[in-house]
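Student: Please take me through how to read contacts, domains and helix packing in a model like this one.

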There are 2 protein chains.
Amino acid sequence: MEELVGLREGSSGSPVSLRELWGPYPRVRRGVRGGLEWLKQKLFCVGEDWYFLMTLGVLMALISYTMNFTIGRVVRAHKWLYREIGDSHLLRYLSWTVYPVALVSFSSGFSQSITPFSGGSGIPELKTILSGVVLEDYLDIKNFGAKVAGLTCTLATGSTIFLGKVGPFVHLSVMIAAYLGRVHTKATGESENKSKQNEMLVAAAAVGVATVFAAPFSGVLFSIEVMSSHFSVWDYWRGFFAATCGAFMFRLLAVFNSEQETITSLYKTSFRVDVPFDLPEIFFFVALGAICGILSCAYLFCQRTFLGFVKTNRVISKLLATSKPLYSALAALVLASITYPPGVGRFLASRLSMKEHLDSLFDNHSWALMTRNSSPPWPEELDPQNLWFEWYHPQFTIFGTLAFFLVMKFWMLILATTIPIPAGYFMPIFIFGAAIGRLIGEALALAFPEGIVAGGVTNPIMPGGYALAGAAAFSGAVTHTISTALLAFELTGQIVHALPVLMAVLAANAVAQSCQPSFYDGTIIVKKLPYLPWIRGRKISSQRVIVGHFMNCTITTLAKDTPLEEVARVVTSTDLAKYFLVESTESQILVGTVGRAHLVQALQAEPPSWAPGHRRLRDLLAGGCPTEPVTLQLSPETSLHQAHNLFELLKLQSLPVTSLGRAVGSVSWVELKKAISNLTNPPAPK
Amino acid sequence: MEELVGLREGSSGSPVSLRELWGPYPRVRRGVRGGLEWLKQKLFCVGEDWYFLMTLGVLMALISYTMNFTIGRVVRAHKWLYREIGDSHLLRYLSWTVYPVALVSFSSGFSQSITPFSGGSGIPELKTILSGVVLEDYLDIKNFGAKVAGLTCTLATGSTIFLGKVGPFVHLSVMIAAYLGRVHTKATGESENKSKQNEMLVAAAAVGVATVFAAPFSGVLFSIEVMSSHFSVWDYWRGFFAATCGAFMFRLLAVFNSEQETITSLYKTSFRVDVPFDLPEIFFFVALGAICGILSCAYLFCQRTFLGFVKTNRVISKLLATSKPLYSALAALVLASITYPPGVGRFLASRLSMKEHLDSLFDNHSWALMTRNSSPPWPEELDPQNLWFEWYHPQFTIFGTLAFFLVMKFWMLILATTIPIPAGYFMPIFIFGAAIGRLIGEALALAFPEGIVAGGVTNPIMPGGYALAGAAAFSGAVTHTISTALLAFELTGQIVHALPVLMAVLAANAVAQSCQPSFYDGTIIVKKLPYLPWIRGRKISSQRVIVGHFMNCTITTLAKDTPLEEVARVVTSTDLAKYFLVESTESQILVGTVGRAHLVQALQAEPPSWAPGHRRLRDLLAGGCPTEPVTLQLSPETSLHQAHNLFELLKLQSLPVTSLGRAVGSVSWVELKKAISNLTNPPAPK
């Protein structure tokens, strides 16, 4: 009986079932159950949402792997067709070009018919969303199928169209996260939490990058650098956890499918470890970075100009508006014709897939030194052991083909970015940068054939290291990020070039950031998406400009004693979403805000027979029309700098300005943007 | 003559000197000059302060290298003394112990006599400073000499006292940055810019880590994770640039001093690259991470408890208050006696320096497999080729020594952290973690001697990989950071274990963060420094608690119509730094703030013969007493969550609360802290 009392007491009020009581070892079982409860509590204490993040990572890894698998099959079929179709040039040309043309036009037609949001990379739009703007439907799950199918077709064209995977994957991942979040909210009945949602979206972006490159570190950093202007260290672990789950699952699937022995990096290199580079080479690495920076400026400028031209040119814009697949097919035909291997494609190494491009460019031997005395023949078939043969031509040598590759791909890439299909633009830029680096590295290897003398052993210069630095520097300059350096290490599984690559990336960024907006910012500008510019170079003058100078003074306030006729007039004559509610017309003391929709509803519910001037807004509010309190307000003395910081940090859209409690104006992105642009280009004095 | 006019016009109004006019090729020279001007403008446009950052990096690298060089000499002298002193045990014991005891007591006495701020790592204090609190004199340059001299002595004791370098270096670097900033401000005459200063301090912290480990990436990330709760991506490049300069210079000096052939990483490893680990090993890596997490909780708990004990115990606290060098000498004597190599030190591998500890623990061979059949003798002298012999004992085997090392170092480390000398606590923790990993790795290598079969070749399990993961996981768990994984790769120059190490670190962090505050937060709590707790697990309830519930309602306001006698009474009876200024006693509309010092000054300047009740505060203000406008104000409806975010993001100390323009209260860290603690422990209902 004592045992029973003890049990009742121990279970702290919860009823004890008979089964529990009669089973063997009640104490032990209770202990175990208590321990499990404790563990469960602990597990769900740090990361209430770790299971959510894991699901996201695993799901994206599955999608990424399945997509790669499918694409591999399609590409293999294309290769087989091209090989088996016979020696007729016409047939071979047709088999080479029809495939990508059909895929691209299908991708364009299919995805655009479902949703207009599926084109492009999606990162610029996500950047806008994460800065607080609501883009309706952009994260709707119904875009998912269109984007996946379209992207698969795009990627299946391989190196012909030369487009990547990262951007759309980030978009896909964020879409799934938003969807899972909505499901979770519905299931638990919790109210939506804006800041938490945002954190999840940033983590999802990291997953997107990590499941493409199997690189959790650079996935997190790259997505932070590209997406947000500020981030909270407390939420850092979310990104890492989700990205690690994704990257692990992605590589695990490759192991299960017997593609590799164990979990390794994607583009494994075998650079020399003991003396990877000599000290004076650091100078060339930095110079390479600066060259990449200058080229990236040229690329960004041309890309933005051409994108603008496509939008404004009457013929092309009409074609794009009426028949997107036709434009896509035409562009794809041009690109495919140029890459036809027996033709110009011979000098573009166009038989290599994009993965093989990178593998060959990161090769640790020097092609220039190897072909100095002997010239390998151009193989009829691709030689998987010696991919670099594709880059060699007896007359032009490798320098000719690499330079030709750079010149041609420069405009081909710009053309490809205008095709309205779901596609990423990071990978082609990464490969382009690798080719720049390789060209300079080979030139150096030829210029200093004696190489590095260290410890009595002579080691030739490794152009592969320069290719790595070039890839990181060029892609870093185009996207204005530094974490591409880390990406280069995670992709290759070697970190021996840590300092030179980082220095090249910094040099490239210094040049690019001072001359051009980043690829994503440029797209935001061309697409006219809303954005908040940042205050360049922390101009001291931004501390002196105060809100009073630039706020919007013509605000519409509704006083509690406003007659209802007046309220009705205001509601019908303006289309603001919210009105400032003030205490009285005379005092103008700010009380809160009232939504237009609520006002309209309340006005409609009023009996139609009110005597004019009789009822006031106060009665409407007393009748249940909801108002919102003002939780944060600026004053006219707040500096532009402080206001900008507030908007950036708290992801605000607009704020009221009060002086001595009176509503005197409001500040939104529009005013801030104007004030910031006046900082750099002061308005002409009146 | 036309040429002359053209010149005058071309030079756009600036006077043309005769020399310029008569020199050859004026056009070309003008063009070149214009180009240089343009380049100069461009260079100083992105990073107005890049030269500042470079100076900081180079300076810190020079200090770090010089310190290492000096320490190396002192340690060599100690080794020589110990070797040459003869075979008498007493003499050898004395030579082993007197050296560190003398160094530590000198370090303690010297640094504490100059400034009380020089003890410990300094990171907790910096964290407080970066969150907006002003700690007077903590960044004064006069602490510099004390910290450098003290740290050199501490590190010269080597593995006897077993302390590191990172924390004080971060402090030194921030000190120099603050000093350079002040010099810059004085030289240019610009007004001080708080937010810019903060950015510089964060960059300086990155330099501190980077110049110790020659690891720019993890330097930046680690300093961000440890120091700040939020950071701005725009200012990211500052940290990278400064850290890269520092790390490059640091390694460059090593090359110039012929210590190495080229720039490489600090603790180079030679792990197998092709199959570094088998897939099932991932499980053991995660388990290792969890074990490290649990051990780190134990460590953090014991460390904090012991630190509290030292502070409260009457005898010890009296000793510490009156004679710090004596306490230091006693603690050093205990530690040195235990590590005496012919004694207990035999089982602690105490003849190894801290660098050699890491080098040996990261060894890619399995000691357990190598000593299974043969047992190497304990060498009389240290064998630089086979450092791991130090870890072997014929009776105890390596498992015995590793376990003994862990048990002993656990409490020895805690004892060492209480010694009041400038010292870092990261490195010992990193080595401790490596030993945990090595122990588990060796056990696995012995348990699965057949190893990994891949491609027909059998590869044994590499315990070095586990040591790497253990080091990253344990140090990550103790400091609550994830970037220690990256640090492990940058330190060893190999990234083949990317995923397993990251997973171990995440597992360790999950355990540690849910159970214990981090090492630095723990120190902040014990030292009673001001700090703002974070809202755990994003409690939804923090959205429901509003400022009105927890604000400080008893505020002192001064109305413009307050008589001066009343003002004088308020100023003398309270000691607030600022008073809220309201429009009138009746309306209580908030106008701004007025500083106490200014008020006192203005009151003292008043003629002593004013008739009571005649003059009011208004007259004082009109007479020139300066007021400050309120730029940001909360309302009682603002949620705790939002207020907390504001304080964190904008690094605020306190904010006024207004309702309908009337000052109704104020919120500061004190109120926020109380409200947050009430969230987790709801107050008993009254």
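Tutor: Start with contact: two residues are in contact if their C-beta atoms, placed from the backbone, lie within 7 Å. This is a predicted model, in which local features need pLDDT of at least 70 and side-chain atom pairs count only at pLDDT 80 or more, while totals for chains, interfaces and linings use all residues. Residues are numbered from 1 along each chain as its sequence is written, and chains are lettered from A and ligands numbered from 1 in the order in which they are written.

Student: Through which surface do the copies meet?

Tutor: Of the interface residues of chain A, 100% are also interface residues in chain B, so the copies meet through the same surface.

Student: What rotation superposes chain A on chain B?

Tutor: Copies are superposed by least squares on the C-alpha atoms of residues with pLDDT of at least 70 in both. Here a rotation of 180° with 0.1 Å of shift along its axis does it, at an RMSD of 0.1 Å. The two copies are thus related as by a two-fold rotation axis. G661(A) is the residue of chain A that comes closest to that axis, its C-alpha lying at 1.7 Å.

Student: Which domains does chain A have?

Tutor: Bounds come from an automatic or database domain assignment. For chain A it gives domain 1 (2-46), domain 2 (50-256), domain 3 (281-322 + 352-526) and domain 4 (536-680). The centres of domain 2 and domain 3 of chain A, taken over C-alpha atoms, are separated by 23 Å. Their contact takes 35 residues from domain 2 of chain A and 29 residues from domain 3 of chain A.

Student: Which element gives the largest share of the domain 2 side in chain A?

Tutor: Helices (H or I, at least four residues) and strands (E, at least two) are DSSP runs, numbered from the N terminus. On the side of domain 2 of chain A that touches domain 3 of chain A, α10(A) gives the largest share, six residues.

Student: At what angle do α9 and α10 of chain B pack?

Tutor: Axes are lines fitted to C-alpha atoms, for helices over the stretch in contact, and angles run from 0 to 180 degrees between N-to-C directions. Helix α9 (residues 194-213) and helix α10 (residues 216-227) of chain B pack at about 130°, with their axes 8 Å apart. Angles under 35 degrees count as roughly parallel, over 145 as roughly antiparallel, 65 to 115 as roughly perpendicular and the rest as oblique. α9(B) and α10(B) are therefore oblique to each other.
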